[in-house]
Amino acid sequence: MLFWTGMKMHEKRRYEATDMRRITEALNQIVHSIECKNVLEIACGSGEFSLEAASIAHSVTCIDLDDSRLLPSVRNAENIVFLLMDAINLQMASNSVDVIVFYNALAHVENELEKILNECYRVLRKRGELYFISSFGIDKIAVEATLLPMLKKQKIYFSLSQTKKFIIVQIGA
């Protein structure tokens, strides 16, 4: 279900295993924040991050504009709900989510980022947290070129951490 075009089956399995290790490493960076919490993943793509987060979180809602890449295991998971939804207009109650995660998704939403952030702030609970976790080059560029300048301009407190593989921007709590 990943971007597989013309790879041999053993190459596909190796690629998927590498991607899952990356997701596990990302989750280890925020496990303290999502443990037993209600999590929203925006622009979930295949839902792999949501699938892994569901093993730690109380519940996970994942949204995307398209479900063509969504893994069947995401649809069948007990504590995951997938919704076709635009992040500009979240069909969710205000103050209903503990943690929102954008995992390698910033570049997909950066043109509408200000509107999406306003919706995120609306649905986040008072002590909620918002994470942008980026390991792909295009997302890292979007963090530096779009997200950080916007947060600074709006005087929104954030923390920025970097590991060898990730840039993580945390807003809130």
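1. Buried means under 20% relative accessible area, exposed means over 50%, and partly exposed is what falls in between, with a 1.4 Å probe and protein chains only. By this cut-off Cys44 is buried, with a relative accessible area of 7%, whereas Cys36 is exposed, at 61%.

2. This is a predicted model, in which local features need pLDDT of at least 70 and side-chain atom pairs count only at pLDDT 80 or more, while totals for chains, interfaces and linings use all residues. Residues are numbered from 1 along each chain as its sequence is written, and side-chain values use heavy atoms, with hydrogens and water left out.

3. A search of the whole structure gives zero disulfides, a disulfide being a pair of cysteine sulfur atoms within 2.5 Å. For Cys44, the closest cysteine sulfur is that of Cys62, at 4.0 Å, which is too far for a bond.

4. The whole structure holds two aromatic pairs, where rings of Phe, Tyr and Trp (its six-membered ring) pair if their centres lie within 6.5 Å, and planes under 30 degrees apart count as stacked, over 60 as edge-to-face and the rest as tilted. Phe49 and Tyr103 form a stacked pair, 4.9 Å centre to centre with 20 degrees between the planes. Because Phe49 lies in helix α2 (residues 48-53) and Tyr103 in strand β4 (residues 97-103), this pair ties together parts that are 54 residues apart in sequence; helices (H or I, at least four residues) and strands (E, at least two) are DSSP runs, numbered from the N terminus. Phe49 is buried, at 2% relative accessible area, and Tyr103 is buried, at 9%.

5. Phe102 and Phe132 also form a stacked pair, 4.5 Å centre to centre with 15 degrees between the planes. Since Phe102 lies in strand β4 and Phe132 in strand β5 (residues 124-134), the pair ties together parts that are 30 residues apart in sequence. Both Phe102 and Phe132 are buried.
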